[in-house]
Structure formats: structure tokens, C-alpha cells
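These are my notebook entries on what I looked up in this structure.

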Amino acid sequence: MVLAISLAAPGYINAGHGFFNSFEGVPWLPEPGLMPDQFVYFIDEAIEKFQTSSHVDSLDSKKKHLAFAEEKLAEGVTLLKNNNTSHHARIEKSYAHYLKNLNQSFSINQNADETNYQQYCADRLLQHMYILSIEVLDSDRSTAKHFLTLNEIASEHYRGLIENLSRDFFDSHFFKKEEVKWSWEIALEAD
Amino acid sequence: MFRWSRLLIVAILLLLGSCTEDNQQKITGQPPGPYKMTLTAPHQIEVGKEVILTTEIKHSDSGMPVKNLRTLHERRVHNFITNLNFTNFSHIHHEDFNALKDDQIESARLSFPYTFPTPGRYRMVSEFTDSKRSWIKHFNIEVGDGAHTNDRHLEETKTSVVQNYKGALSFSSQAPLAGSPIEMVINVSRDNLPVRDLKLWLGSEAHVAIWRDDGKYFGHTHAYTPTMKQMMEGLAHQEKSHTNNSKMIQDMMVRMMSQPSELIFEGPTIPIIYVFPQPGKYVMYFECAPNGNPIVFQFIINVLPSTKIWPTHEH
């Protein structure tokens, strides 16, 4: 939806120009750093794995998992924007791995800081989906299915994250989810 | 001798040329995406001295200019400038100063003069429409010669006085909650008498620019017309029945936006509706035009978290 309810421009829909705009100014993806097509990438991967090898109990560890997930997403988007699809399975697997661990680290009996962070992660995954819906427009049409796969991974873990959060919080995401959905619809209609 | 003097002249000209270039900075608008928008401005912007700000929009992939941007509310690119202390604000456009020429439409290169009134950090948000949607890019601009702290403490403010006008803001519910639509009404009076001569200004009775106090979550909205209300009721139904059909809403919006601009609210009240995306303090600039003369009211709004248990902070 979205958002954009404006009063002019016949026949045009205007995201951002309206009563709702959830994502202006949100942090975009980080710099991707080393890429899977670089020889030393496996060292980077090993270090990340080592850094997240312990349990995801602490808040610091949760933050590390989200940071690495974002780095994987940034790598995936950079490759796809360069029309390079040869590493997509590896990227998708790593992105899903970090999000799955992050998701499983939250529990019902957690403290306020952790619930707070769970909310932040849910917000951030919606932002990932929105970012993907924008970046896909700057990429070759043939890569769209890989963007959609990344979006599905984010979406699946978003659902897991928001499941145990309060009803109020869940309801407050209604417009954001609609904005993401609308942004994807319009992205796939483009051309 | 002749050769040396000629070389000297050429060197001076080159130096002058590079000075002109060097005096300008090109800032790339954020976020990235399929359009690259740049802002060209002087490196050193002095307080109180008029500068020319030039924006340029290109397709990110091809580097080609975006031709024929859509006109929305009578302008091709809407620019909103505020300092991050939120003590000043402008809603400004190329066409406010000069008619658009064909080459400017073709190159999507537009300019306007601006005088920054105070030193500090500024944010400019530019909005344009191409293809099927509007796009927003923001730019950070430093004004003055040193490091400035933007440390104004913002207090909730529901009344605003400009010249002999007063704007009073009220909410449909007790307080705005993040993620929930809230209806707001602005009551405009002049010399303590209700204003009843509001005119359309750039195609609407009201232009509303909203930022959270950290400069994020910019939004731009307008008066809440009966057509919008009808659409919101459709949305409420959709939420209740859990039948999220954004396509249906798109169609409704297209129908609504196909209608020509029409003056609906002559005063003294103008309703608006907005969904604040996150909790925090928001600054709302409300621009309306009693008797056709634009004025801007400023309100500070405290938006509470959706959940009463924990606020969502950014990490």
C-alpha cells in the first residue's frame, strides 16, 4: 500500500508522498567487505563462524549474528547487482544460517533488553525486505528470482521473530508490511 | 617571452577554472537505488550568504538523466530543508524562481537559490516522481565554519504562532502511537478569529513535512480529504478481516489521485492523518495559505511506542 496517498498526479501511485512512509532514512546495507569470488573469502567466513560459534545467549552475540546476516545480504545484493549469480546458494545459506540462530536465541522468559532487541530485529528484517525491493530495481531482471529468495528468507525469519512479541507490536507493523508488499509489487511490475 | 606570458595566462585561467570546480562539492543523495541524485553546493557555505543549490537525477545503471520527471503538486522536485536543531525550514523548488526550460526537463538538472540562516548541520530531503512511484533522497549539509552541536531540547508543542496567525494542533486520540494511524486537526486563527479563507497552495490546502528529531523518518503528507477517509475505512476493514490486498488499495489510490486538485477545507480546521513509523519526538512543519499567503507552523509531537511494555530503540 502505501503509503502514499497523495492528491495529484493522475494515474500514478506515489510511495513516500503520503500519510505513511516507514523507511526513509533507515540504515541501508553495510559495505560487503570480502566477496565470495575472492580467494581469501574462506578465511573471512571461518573468522565469522568462529566468532559466532558459542551460544547465542548474550545480547552481544545476538548483535553479531544480525551484523553477519546483514553482511551476507550486502554481499548477495552486490553480486546480484553485478549480475553475478554464481554464489547465490552460498549467500542464501549463510544469510539463513545467521537469521535462524538469531531467531532461535530469543525465548519467552527473556529480559527486557532482549525483548527490546527482538523488536529491533523484527523491524530490521522488514527493512531488509524493503531494501531488497529497491535494490532489485537497480539490477538485471534475470536476477529478480534470487532477490525474491533472499526476501523469502527474511520474511520467514521475520514471522518467527514477531510471533512471540506483543499483539500491540504486531499490529503496529501493519502499515510497514503493506509498504513492503506494495514496494515489491511495484518493483516486479516495473519495466 | 611571448610564449612564457601566454603559458602564464593559460595557467592562471586553469587555476581559476579549477578554483570554481573546487569550490563546489557534489553530495550523493541517500539511500541508493535505481536513481542517483546529487546535490551540488559550495564547499564552504556561509551563513546569510545566498548560494545556488543544484540537484541532478540520473538512472543509476546507465548514468543517463531521468527525463520528464512527473509534475506532482505543481512541481517536478520538492525540496525540504531544515537544520537539525529544527529552528528553520523551507519547502522550496526550482520553479519558485524560474520557469523550467526544455533542457532542464531533459537533464533533470534543477537549481534554486538558498540562504542558510544559521550555522550547523542541515538536512535536505528531495522528492521526485518517476515511473509509478515517488522517490525520496536526503542530503546532509554543513553550514558555517566549525563543528556545531545541535543540542536544542525539543518540548512537545501543540500551538504555534506565526505573525498574527495561530495554529493549534489536536489529536483524535490521547496520544499518537507508533504504527497506528492518527487523525490530527490544525485549527488556524488570525487575530484570534477563525480563518475561513484558506486557499490551495501547490495543489493542496496543507503541505506537511515531518521528521523525527534525529533527522530520520521524513514524511510528507497533505490534508485528509473525504476520499482519503473512505480509503482508510477500507483499510480498517482490510486489517480486521486480515485480507491484505495491497493491489486493491493501489487501485483505490489511483482513482483518488486521478481527481483534480480541489479546495475542500477553507478553514478554520484542516484534518490530516499520519502513521508515525517509530516512537520518539517528531517535528511537524505545517504549511497552509490563508488568503493565499503561505505560512508555516511548527509542532513537536511525542509519539509513544506501540507496546506499553518496552520501547524499541535503535541499536
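The axes are lines fitted to C-alpha atoms, for helices over the stretch in contact, and the angles run from 0 to 180 degrees between N-to-C directions. The model is predicted, so that local features need pLDDT of at least 70 and side-chain atom pairs count only at pLDDT 80 or more, while totals for chains, interfaces and linings use all residues. Residues are numbered from 1 along each chain as its sequence is written, and chains are lettered from A and ligands numbered from 1 in the order in which they are written.

**Entry 1: chain A overall**

I looked up the secondary structure of chain A and found 7 helices and 0 strands, taking helices (H or I, at least four residues) and strands (E, at least two) as DSSP runs numbered from the N terminus. Of its 191 residues, 49% count as buried, a word I use for a residue with 20 or more other C-beta atoms within 10 Å of its own, with exposed meaning 12 or fewer, partly exposed in between, and C-beta atoms placed from the backbone. Among contacts between residues at least 6 apart in sequence, 69% join residues at least 24 apart, a contact being two residues whose C-beta atoms, placed from the backbone, lie within 7 Å.

**Entry 2: H4(A) and H5(A)**

How do H4 (residues 112-135) and H5 (residues 144-163) of chain A pack, at what angle and how far apart? I read an angle of about 160°, with the axes 9 Å apart, and the two helices are therefore roughly antiparallel. The residues of H4(A) in this contact include A:Leu125 and A:Met129, and those of H5(A) include A:Phe147 and A:Tyr158. By class, this contact has 12 nonpolar, 5 polar and no charged residues, where Ala, Val, Leu, Ile, Met, Phe, Trp, Tyr, Cys and Pro count as nonpolar, Asp, Glu, Lys and Arg as charged, and the others, Gly among them, as polar. I also noted that 20 of the 24 residues of H4(A) are buried, so this helix is largely enclosed by the rest of the structure.

**Entry 3: H3(A) and H5(A)**

Helix H3 (residues 88-105) of chain A packs with H5(A) at an angle of about 10°, their axes 10 Å apart, which makes H3(A) roughly parallel to H5(A). Among the residues in contact are A:Tyr95 and A:Leu99 of H3(A) and A:Ile153 and A:His157 of H5(A). This contact has 6 nonpolar, 6 polar and 2 charged residues.

**Entry 4: backbone exceptions in chain B**

Most residues other than glycine have a negative phi, and most peptide bonds are trans, and I therefore listed the exceptions. The bond from B:Gln30 to B:Pro31 is cis, with omega near 0°, and B:Pro31 is in the loop between strands S1 (24-28) and S2 (35-42). Another cis bond joins B:Gly267 and B:Pro268, with omega about -5°. B:Phe86 has a positive phi near 60° and, with 21 C-beta neighbours inside 10 Å, counts as buried. B:Asn291 has a positive phi of about 55°, but counts as exposed with 11 C-beta neighbours inside 10 Å.

How values were computed
Angles under 35 degrees count as roughly parallel, over 145 as roughly antiparallel, 65 to 115 as roughly perpendicular and the rest as oblique.
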